[in-house]
Amino acid sequence: GKCYKYSNLMYSFVDDVLKTKGYSIKKAIEVLNEKIGTTDITLLPMAQESNFANQYSRNGKLLAFPSNYQKSVPAAAGVFASINSMAEFLKLAMGTKPEILHDQVLSKIFTPTVENKDIFLWNVSLPFENNRIKSYYGIGWRILVVDNKQESRLIFHSGFINGATTFMGFVPDKKAGIIV
């Protein structure tokens, strides 16, 4: 909790940990789909007719996934979801389904664990001066707070693979979320 360094490596151990309990990442995703009422959260390989965006180069060329992609990062960048499934997942994260994920678990997940400042190195324009923003990492989620005001808290996670970038976040006090 004193040093922050993001790494997909630890997410890649999720499947190993689940296997010690008789599960797998694939089974966990099946259960998640069932619980939140969707079918579109999946691992590679995906069916050709799946409802997913492809990744493209800046000059418009379709990019293929490396052949070992899902084996190298299955729980990190190897999970795919349609926008509708991401919306259902965001609702879950926002606390609308306490029978699946109760407030005590959400509170623990969204509690800042370690301060990190790498967001200030991203090529992103923030709506406030950097010195007004505190940036933290919780359990799998980033947390930004402006002027130390909890009501300004933005909880989010972004993703990137060559040719595709994602963002899912919400402001708990406003009960407002966004997915890009």
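**Salt bridges and strands**

Guide: Let's start with a pair: Glu88 and Lys97 meet through their side chains in a salt bridge, 3.7 Å from N to O. A salt bridge here is a side-chain nitrogen of Lys or Arg within 4 Å of a carboxyl oxygen of Asp or Glu. Bear in mind that this is a predicted model, where local features need pLDDT of at least 70, side-chain atom pairs count only at pLDDT 80 or more, and totals for chains, interfaces and linings use all residues. Residues are numbered from 1 along each chain as its sequence is written, and side-chain values use heavy atoms, with hydrogens and water left out.

Visitor: Is Lys97 buried or exposed?

Guide: The cut-offs are under 20% relative accessible area for buried, over 50% for exposed, and partly exposed in between (1.4 Å probe, protein chains only). Lys97 has 16% relative accessibility, so it counts as buried.

Visitor: Which residues are linked with Glu88 in a network of salt bridges?

Guide: Glu88 also bridges to Lys91, with the closest N and O atoms 2.9 Å apart. Those two are three residues apart in helix H5 (residues 83–93), so about one helical turn separates them. Helices (H or I, at least four residues) and strands (E, at least two) are DSSP runs numbered from the N terminus. Together with Glu88, the network links Lys91 and Lys97.

Visitor: Which residue forms a salt bridge with Asp147?

Guide: The closest N and O atoms of this pair are 2.6 Å apart, and the partner is Arg132. The pair links distant parts of the chain, 15 residues apart: Asp147 is in the loop between S5 and strand S6 (154–161), and in the loop between S3 and S4 sits Arg132.

Visitor: How many bridges join S4 and S5?

Guide: Strand S4 covers residues 133–137 and S5 covers residues 142–146. Within this pairing, Lys134 stands opposite Val145 in S5. The two strands pair in the antiparallel sense, and the bridges number five.

Visitor: What is the relative accessibility of Ser135?

Guide: Ser135 belongs to strand S4. Leaving out residues up to four places away in sequence, Ser135 touches residues including Ile119, Phe120 and Leu144, where contact means heavy atoms within 4.5 Å. Ser135 counts as buried, and its relative accessibility is 2%.

Terms used:
Pairing = 2+ DSSP bridges.
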